[in-house]
Structures are given as C-alpha cells and as structure tokens.
Amino acid sequence: MAVCAVGLASAVAMTGCSGGGTQQDTASEFTGEYDGPDVELSYWNGFTGGDGPFMQQMVDQFMEEHDNITIESNTVEWGDYYQRLPAAVTAGEGPDVGVMHLDQLATMAARNVIVPVDDLAETLKLSADDFTEEVWDAGVYQDQRYGIPLDVHSLAMYYNTEHFAAAGITDAPTDAASFEEALTKLQAAGFQTPFWSPALWPGHLMFLSLLWQNGGQPYAEDESEATFNSEEGVEALSWQRSLVDEGFSPADVAIDSQYVAFKNGQTSITWDGIWQINDLTESGLPFAAAPIPAIGNEPAVWANSHNFYLPRQTQADDNKVNAAKVFIAWMSEHSGDWAGSGMIPARESVRQSGVLDGTVQGPIAERIDDMRFLPPIPGIGTVQSETLEMAVSDAVLGRAEPEEALSRQAEQATKLMEENRASFGE
Amino acid sequence: MTRTAQAGAPLTGRALADAKRRRTRKLAQGPFTPWLFLAPYLLLFIAFVVLPTLLGLWISLHQWDYTLPRQPFVGLENYAQLFDSDSLTSEPFWTSMRATFIFSIFSVPLLLVIPFAVALLMNQKFPGRNFFRAVYFAPYVLGVAVIGLLWRYLLDNNIGMVNYYLGRLGLPDDTAWTTTVPAAWVALIGVTVWWTLGFNAVIYLAALQDIPAELYEAAKVDGANGWQQFVNVTVPGMRPILAFVTMITIIASANMFGQSYIMTQGGPGRETRTAIFQIAETGLRNFKMGDAAAMSYVLTVFLIILSIFVFWIFRERRDKVVDNAAARKDF
C-alpha cells in the first residue's frame with residue numbers, strides 16, 4: 001500500500017533525474033534561407049480545437065514550398081503541453097520548434113526551456129511598430145526576446161441572433177446599461193437565463209477583463225504583489241456573482257456547461273475565446289460575435305497571443321535550428337492565412353491587408369488596442385491557477401463573499417510570487 | 001489451495017525421484033545461486049522501486065525544481081512547512097488529505113458490501129445469469145477518462161440528464177452534483193462504486209465458487225437455515241479473500257485522482273482535490289518536486305499505519321479461527 005504514494009514520489013524523482021543542463025545561446029548566424037541537407041523538425045503545439053486543421057494546412061503548404069524540410073507536428077492539449085515541455089527539453093527530447101502562449105514565455109525562459117530569438121526578429125525585420133505594444137513587449141524577458149508573435153486572441157461576446165431578434169434587440173450591447181437592458185429583454189422574451197456566469201473557465205478571464213475595465217491591475221507593476229483584491233477587483237467579481245443573484249444566470253454553473261448551453265440554444269449570450277468561432281460556425285447555431293461590453297469605466301478585454309519559440313537543445317544541430325527559423329519566418333509572413341482559424345494576426349501590416357474583412361472576428365480585431373495581457377512574470381501561471389481562479393470560483397459559486405475570497409487568495413498569491421522570485425533568482 | 005495441491009502433485013512422483021537422484025549426484029550450490037534466480041526481477045525492482053524511493057526521499061530534502069540549475073538543500077523544511085499552518089503548502093495539502101479520507105471512509109465500506117451482495121446474487125442459478133454478470137462488470141472495462149466525462153455531463157446540474165429525470169419523477173432537480181459539497185462527494189463515491197463494484201464482485205464470486213459444496217451439504221444435514229449457512233459457511237470461507245479485497249480497495253481509494261480531476265476539477269474550491277491530485281499538481285504542474293515528495297512521504301506514513309491496522313484486524317480474526325478449531329478439537 002505504501003508503494004502507491006512512493007510510486008508517485010518516484011515518478012517525481014525520475015523526471016528529476018535528468019536535471020540541470022547548460023545555458024545555450026542562440027545558435028549560429030541566421031541567414032533567412034535554408035539550403036542544407038534534408039532535415040526533419042518536430043513541431044509542438046496545442047491547437048487541439050477548430051484551429052488544429054488550419055495549422056496542419058499551413059504546415060503542409062510550408063513543406064510543399066520547402067523540399068528539404070519535413071515538419072513532424074505533435075499536438076497536445078495546452079494544459080498538458082506546459083507540463084510536458086519542460087520535462088522533454090530537460091531530458092533532451094524536446095521539439096525543434098514550437099508555439100506557446102505569451103504569458104508562458106517568461107516562465108519558460110526563466111526555466112531555461114526556451115532560447116532567445118533576437119536575431120530572428122531582426123532578420124524578419126519585425127519591430128515594435130508592426131505590433132501592439134503589449135504583445136511585443138511581453139515577449140521580452142531580461143532584455144532578450146523569446147517569442148515571435150503569430151496571433152492575438154481575446155474573449156468575445158457571442159450572442160444567439162435568433163434570441164436577440166425575438167427579444168427585439170437590434171444592436172449588440174456595448175456597456176453595462178445596454179447589457180443589462182438586453183438581459184432583461186431576453187428574459188421578457190422567455191429566455192429565462194440569458195447569460196450564465198461560469199465558476200471555472202472562462203470565469204477568471206471574465207474577471208481579469210472586468211478588473212481592467214474598472215481600471216485595476218491584477219498584479220503590481222513591480223511584480224512584488226498581487227493586487228487583484230483591490231476595490232476594482234471586488235467590484236468586478238461582485239458583478240459576476242450578481243448575475244446569479246439577479247437570476248440572469250443559474251447557480252453553480254459547472255465547467256464547460258455555459259458553452260454547451262449556448263450551443264444548444266439554452267442561453268443567449270456567452271463570453272468565450274475567439275478560437276471557438278469555427279466550432280460555433282460548424283454547429284450551425286445562428287450566432288454573431290462582438291467585443292465584450294464595457295461593464296466598467298473603459299473598454300478592456302483579456303487577451304493572449306500564440307508565439308513561436310525555439311527550445312533549448314542539449315545537442316545543438318545548426319541545420320535544424322536554421323530550418324526552424326525558416327519555418328517561423330514563413331509562418332509569420334503567412335499569418336494572414338491563420339485568420340481562417342478564428343484568430344487575429346499579430347502583425348498590423350497583415351491585419352490591414354484585408355484578411356479579416358468579413359470574418360466573424362473582424363469587429364473584435366478592430367478593438368485590438370483594448371486588449372490587455374497578463375504581465376510577463378515568471379511563474380504567473382501557477383499563481384493564477386492556485387489563487388485567482390480559486391477566488392473567482394468561490395465567489396461565483398457563492399461559497400464566499402467576493403471581497404473575502406479575493407483578499408484571502410491575494411495574500412496567498414503574494415506569498416507565491418515572493419517564493420517564485422526567490423527560486424527564479426531575480 | 002486446490003491449485004497448489006495439484007501443482008505439487010506430480011513432484012511426489014517421478015520428478016521428485018529424479019530431483020533426489022540429481023541432488024545426490026552433485027549439487028554444490030554456490031552462494032550466488034539464489035541471487036542469480038532473483039536477479040531479473042530484483043534488477044527491475046531496484047531500478048524502478050528502490051532507487052526512485054530513495055531519490056524521492058533525497059528530493060524531499062531539497063527545494064527541487066528540475067528545470068532550474070540549482071536545487072538548494074533545505075533539510076526538513078519541506079516537511080516542517082506541511083505542519084506549519086502559515087505556509088503555502090500546508091493548507092492545500094491537509095485539505096487534500098481530508099478529501100482522500102472522506103472519499104475512502106465512505107467508498108471502502110460500500111465497495112466491500114455491495115459487491116458482496118452482487119456476488120451472492122450472481123452465484124445463484126437463474127436464467128440470464130451470465131448476462132447479468134457481464135452487465136455488472138461492464139463499467140469496469142471503461143477508462144477513468146470515459147466514465148469521468150460521461151458522468152460530468154450526466155450530473156451537470158444545469159444541462160445534465162440526471163437532474164432532468166429526477167425532476168420528471170417529482171424529486172428535487174436542483175442538486176449541484178459537481179459544484180457543491182457534500183453533493184459532489186455523493187456523486188464521486190456513487191460513480192466510483194458503480195464503476196468498480198464489478199471488479200470486487202468478480203473476485204468475491206470466484207471465492208464463493210471455491211467454497212466446497214460439501215460444507216453446505218453438511219450444514220444442511222445439521223439443520224442450518226439459509227442465514228446460518230451464510231454466517232457459518234460462506235463468511236468464514238470468504239475471510240482470506242475479504243482481507244485481500246479490503247486491502248486493494250483501500251489502496252484504490254487512497255489513490256483516487258481521475259474521478260475528481262475530471263468530474264469536479266477538484267472543486268468547489270479545493271474540496272474534492274485528493275492527496276494524489278494535490279501531489280501531482282504540486283510536483284508535476286507547479287514544479288515543486290521537493291514539496292510534492294515530502295507530501296508523498298507523509299501520505300506514505302499514513303498508509304503504512306493504516307495497513308498495519310488492517311493487517312492487525314485480519315490477523316486477529318484468523319487467530320480466533322484457529323482458537324475455535326482448537327476448541328472444537330478438544331471438544
């Protein structure tokens with residue numbers, strides 16, 4: 001019986017065995033072309049949703065144009081991805097190139113999982129003015145660039161157009177008053193629970209959006225403490241809970257059920273990521289998307305970005321590294337095609353080229369300046385999942401008052417951040 | 001028992017004679033011979049159990065993040081933090097230990113009694129018996145991900161079918177099976193019992209069929225009724241198997257992870273995060289291998305104490321059986 005617990009300890013131990021590794025600088029000079037011998041690159045990503053087939057299509061096209069480079073895609077759900085990647089890279093079994101979220105770059109850089117790509121950004125002539133400032137700056141950790149942004153993706157407000165028509169709503173709500181008016185009208189039209197307030201995903205993303213709308217910040221600028229328990233935060237979370245108290249949302253909305261309910265036409269409005277666009281289109285549901293309304297003082301919405309990175313290699317192969325850079329460069333240049341996956345290309349020049357015209361995400365892309373990103377603090381993912389998400393869940397479920405839940409978890413978050421700073425040696 | 005007797009039987013014949021002859025001829029056995037026989041398994045055991053266990057102990061004395069260049073030695077601090085209510089690790093860990101305890105204390109008795117009843121039923125002769133045996137065992141062949149997802153949607157309080165049909169039957173239809181306690185525990189334990197009872201039932205059934213029919217005949221001759229046969233023949237005959245089933249059920253319950261990971265995501269809050277869940281989360285997702293290893297060892301200590309207790313209970317009973325037998329002999 002003792003074996004089971006020890007068994008787990010040993011699983012921990014075995015991944016621990018490989019340990020260490022040395023710091024590797026960026027590999028040899030990159031020229032922008034690859035004309036070496038045939039190489040096969042393993043390419044890791046987490047595009048398991050409606051975005052997956054699009055990525056594979058782009059990969060196939062790339063291989064057609066590059067006879068000497070074969071791309072072996074490996075797609076794992078993002079949650080497992082971030083657990084697996086450090087283990088694989090540390091064991092020398094990592095990919096040759098991959099994609100990760102913006103808010104993971106600093107953590108992975110601090111963990112020595114990925115290497116700087118400043119030279120690549122230079123060769124690609126990528127510069128700050130082609131990106132929004134936050135996307136561009138978040139890829140930098142300790143003065144070095146670690147990510148090449150592919151896209152940005154935010155929360156969006158999806159609404160059932162049939163329900164809206166039945167309730168006599170002509171325009172998508174844009175602020176607190178019009179949103180509440182829409183909810184009331186929908187209820188009057190017989191849609192009892194028009195907007196479900198989820199306790200788990202994407203509840204915390206809604207919370208962050210509302211917090212930013214109210215003018216608050218989840219974490220202090222100097223990364224010293226969690227500030228999501230501010231007045232702005234309490235107001236944001238209280239609003240999420242009030243949806244339940246006022247009867248717009250049923251109580252105890254469990255994971256994924258608000259999305260399933262929306263797809264089934266059981267609820268009229270849901271806030272979810274724009275990566276769901278293809279899934280909703282395929283379902284045949286009559287829907288439209290709009291930027292989430294400004295419930296607070298100013299428009300703001302949580303967003304994230306997919307970034308290409310180069311992992312640290314225990315044995316560097318210059319050919320592979322160069323081929324990987326060619327791949328990233330090509331992907332960045334073709335990021336317009338990626339709009340078909342429902343995402344918004346990160347480069348302004350691509351966005352302006354007309355690829356977003358007539359797409360569902362088009363109206364959301366226009367508001368790219370309202371998008372807010374988590375600050376690049378190493379270890380922020382753990383802080384989020386262990387504290388902020390707990391507070392949101394407790395308050396939305398009505399297990400604790402928003403203020404109490406937030407201040408308890410913010411205290412834990414600050415401790416965790418202190419601990420992270422110590423272990424990442426900043 | 002019968003199997004070993006059968007296997008042993010041929011040895012008494014020619015084989016034994018051969019063996020004897022060989023031994024008398026020459027059998028100077030070196031001191032390493034037993035080790036050589038043990039070697040194939042011993043190597044695996046050392047590589048995959050002993051060494052990782054020791055390394056785990058070593059890791060638990062460090063602040064161990066395998067992606068970072070330094071793993072500073074912290075002595076017993078990881079353990080001390082588990083017992084310091086101000087630390088970051090202590091509260092989540094003890095909440096998870098409590099969750100494992102709540103789950104085990106309810107699921108183990110149910111998983112001992114219900115499969116027993118099912119096995120007794122399946123041991124009767126009735127038409128369609130094999131079909132029902134298969135039906136009870138069927139859920140067990142499904143993986144935890146399958147049953148977890150299945151029940152997560154069935155039990156969802158807003159879109160699930162369980163509450164819908166409860167409502168149709170005029171019963172309360174607003175129980176939040178996955179987002180409130182204690183309803184979440186009822187759901188997790190119920191699903192686990194439904195899922196795994198077939199396995200225990202099959203073991204019980206095999207044991208029931210191993211009880212010699214002569215004992216029942218003898219009991220009948222002595223005028224024992226059904227209940228008396230059950231108490232005096234069936235239950236004593238099942239005792240060794242009961243010990244085995246108790247142990248594996250406790251192990252399985254203490255290891256519970258997948259059901260709450262998938263059905264409740266450990267929620268509400270951390271209420272249904274079990275110890276193994278918390279250890280995996282700490283070590284593998286949050287990269288705090290040192291803390292996770294320390295938690296594993298604390299859990300191990302608890303399980304060792306528990307297993308000693310369980311062994312003690314069953315040994316006590318066996319002694320009693322021997323006493324009874326001795327008493328009967330005197331009689």
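How many contacts beyond four places in sequence does the model have for residues 325-331 of chain B, where pLDDT stays under 50? The model has zero such contacts for residues 325-331 of chain B. The structure is a predicted model, and the confidence scores are therefore presented before its details.

**Confidence**

The model as a whole scores ipTM 0.85 and pTM 0.87. For chain B, pLDDT averages 87, and 87% of the residues score at least 70. Among the elements of chain B, the highest mean pLDDT, 96, belongs to helix α6 of chain B (residues 144-155). The lowest mean, 51, belongs to helix α1 of chain B (residues 2-25). Over residues 1-11 of chain B, pLDDT stays under 50, and the model has two contacts beyond four places in sequence for that stretch.

**The interface between the chains**

Chain A contributes 43 residues that are in contact with 46 residues of chain B. On the side of chain A that touches chain B, at least two residues each come from α1 (2-18), α3 (78-90), α11 (257-263), α16 (380-396) and α17 (402-423) of chain A. The largest share of this side, twelve residues, is supplied by α1(A). Sorted by class, the side of chain A that touches chain B has 23 nonpolar, 14 polar and six charged residues.

**Backbone features**

Most residues other than glycine have a negative phi, and most peptide bonds are trans.

| Residue or bond | Feature | Angle |
|---|---|---|
| A:Trp201 to A:Pro202 | cis peptide bond | omega near -5° |
| B:Val181 to B:Pro182 | cis peptide bond | omega about 5° |

Where do the residues of the table lie? A:Pro202 is in the loop between α8 (176-188) and α9 (203-213) of chain A. B:Pro182 is in the loop between α7 (161-168) and α8 (183-210) of chain B. A:Asn112 has its place in the loop between α4 (102-110) and β4 (114-115) of chain A, and A:Glu223 is in the loop between α9 and α10 (231-245) of chain A.

Why does A:Asn112 count as partly exposed? A:Asn112 counts as partly exposed because it has 19 C-beta neighbours inside 10 Å, whereas a buried residue needs 20 or more. A:Glu223 is also partly exposed, because 17 other C-beta atoms lie within 10 Å.

Notes: Residues numbered from 1 in each chain as written. Chains lettered and ligands numbered in written order. Predicted model: local features only at pLDDT ≥ 70, side-chain atom pairs only at ≥ 80, totals over all residues. pLDDT = per-residue confidence, 0-100. Helix = DSSP H or I, 4+ residues; strand = E, 2+ residues; numbered from the N terminus. Contact = placed C-beta atoms within 7 Å. Nonpolar A, V, L, I, M, F, W, Y, C, P; charged D, E, K, R; others polar. Buried ≥ 20, exposed ≤ 12 C-beta atoms within 10 Å, placed from the backbone.
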